[in-house]
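Thanks for coming, everyone. I would like to walk you through one structure this morning, beginning with the ligand and then turning to the charged pairs.

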Amino acid sequence: MKTRYLVPGDYMADPSVHVFNGRLYIYPSHDRQSIYEENDNGDHFDMKDYHVFSTDDVMDGEVVDHGKVLDVDDIPWHGRQLWDCDVAEKDGKYFMYFPLKDQNDIFRIGVAVADRPEGPFIPLPDPMHGSYSIDPAILKDGDDYYMYFGGLWGGQLQRYRDNKAIEDPHLEPDSADALPSRVVRLSDDMLQFAEEPRPVIILDPATGEPLKAGDNERRFFEASWMHKYNGKYYFSYSTGDTHRLCYAIGDNPYGPFTYAGCLLTPVVGWTTHLAIAEYKGKWYLFYHDCKPSDGTTWLRSLKVRELTYNPDGTIVMMDGMD
Ligand code: FUB
């Protein structure tokens, strides 16, 4: 299996990928050495800016670094930790959605706007109303745009139930339904939620019941991504503490989705994260690992390989150690 490191000269992670104007654009997190020790809160992922990359030949062509497009110091409400972002285009404007802790150390989702896919992106003065947690990923479906978001542990999703902060942040017991990712339609101006976020329910194909919180090999943890293939909606994500990329298939953007399998076994490093995109007739998996940094989990490298489907629409499973 051929794989490619896309930015060998720097540490980039958490890819989001879209095709704009016939060219493929990559929006990663920009890893760096931090003063923080590694912990379950993810303090060691202390990123401060974003770069944008683009190419017209995924496996072999030049990958252009468009430079720094947004810096944490330019975001009026900033605290720390710029994590996984995504970008959507509407009516010739480009909207970047980014998770960032505010000055109370609470993750919110902000928006920054550009005239071109390669930025620079100008941030709005405030985060999106009602936003929380991390890892926004955008699906354009017809005229509508949907944001998928959320992440456990350092991603703070366990602080919320029914879109409200709770007094005693906690995970669910193993036998309860797993805490789900969220999906929300965006407003016409792309700057706010158009509705209350809804849970992304993943059903066990054997029982028809939602996956349980103790099902660590299959339940959602972080790194939501959504793509469409043959009219079906593929919701993919990381299982976090079991380090797998898994996916579930549904008939509409809100789900429910039926668990369909693991698509990438664990990589070198604690986190695993993905984007799936079609370009020039081929499908690709964009992800990261820590091989180039000898397993330093907060110094991740952006990677790509081709992705293929079985005749029944399931994704051919790939080995993360390749
Ligand atoms: O980059 C920080 C966090 O690590 C991301 O938000 C998660 O998805 C994980 O990749």
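By class, the shell around the ligand holds 4 nonpolar, 3 polar and 4 charged residues, where Asp, Glu, Lys and Arg count as charged, Ala, Val, Leu, Ile, Met, Phe, Trp, Tyr, Cys and Pro as nonpolar, and the others, Gly among them, as polar. Please keep in mind that this is a predicted model, in which local features need pLDDT of at least 70 and side-chain atom pairs count only at pLDDT 80 or more, while totals for chains, interfaces and linings use all residues. Residues are numbered from 1 along each chain as its sequence is written, and side-chain values use heavy atoms, with hydrogens and water left out.

Among the residues surrounding the ligand are Trp83, Glu222 and His288, each shell member having a heavy atom within 4 Å of the ligand. An N or O atom in the side chain of Asp14 is 2.5 Å from a ligand oxygen, and a polar side-chain atom of Arg300 lies 2.7 Å from an oxygen atom of the ligand.

Now to the salt bridges, meaning a side-chain nitrogen of Lys or Arg within 4 Å of a carboxyl oxygen of Asp or Glu; the structure holds 22 of them. In one, Arg80 pairs with Asp43, with the closest N and O atoms 3.1 Å apart. Arg80 lies in the loop between β5 and β6 and Asp43 in the loop between β3 and β4, so the pair ties together parts that are 37 residues apart in sequence. Both residues, Arg80 and Asp43, are buried, that is, under 20% relative accessible area with a 1.4 Å probe, protein chains only.

Technical notes. A polar contact is a pair of N or O atoms within 3.5 Å; within protein, one must be able to donate a hydrogen and the other to accept it, and residues adjacent in sequence count only if both atoms are side-chain atoms. Helices (H or I, at least four residues) and strands (E, at least two) are DSSP runs, numbered from the N terminus. Buried means under 20% relative accessible area, exposed over 50%, partly exposed in between (1.4 Å probe, protein chains only).
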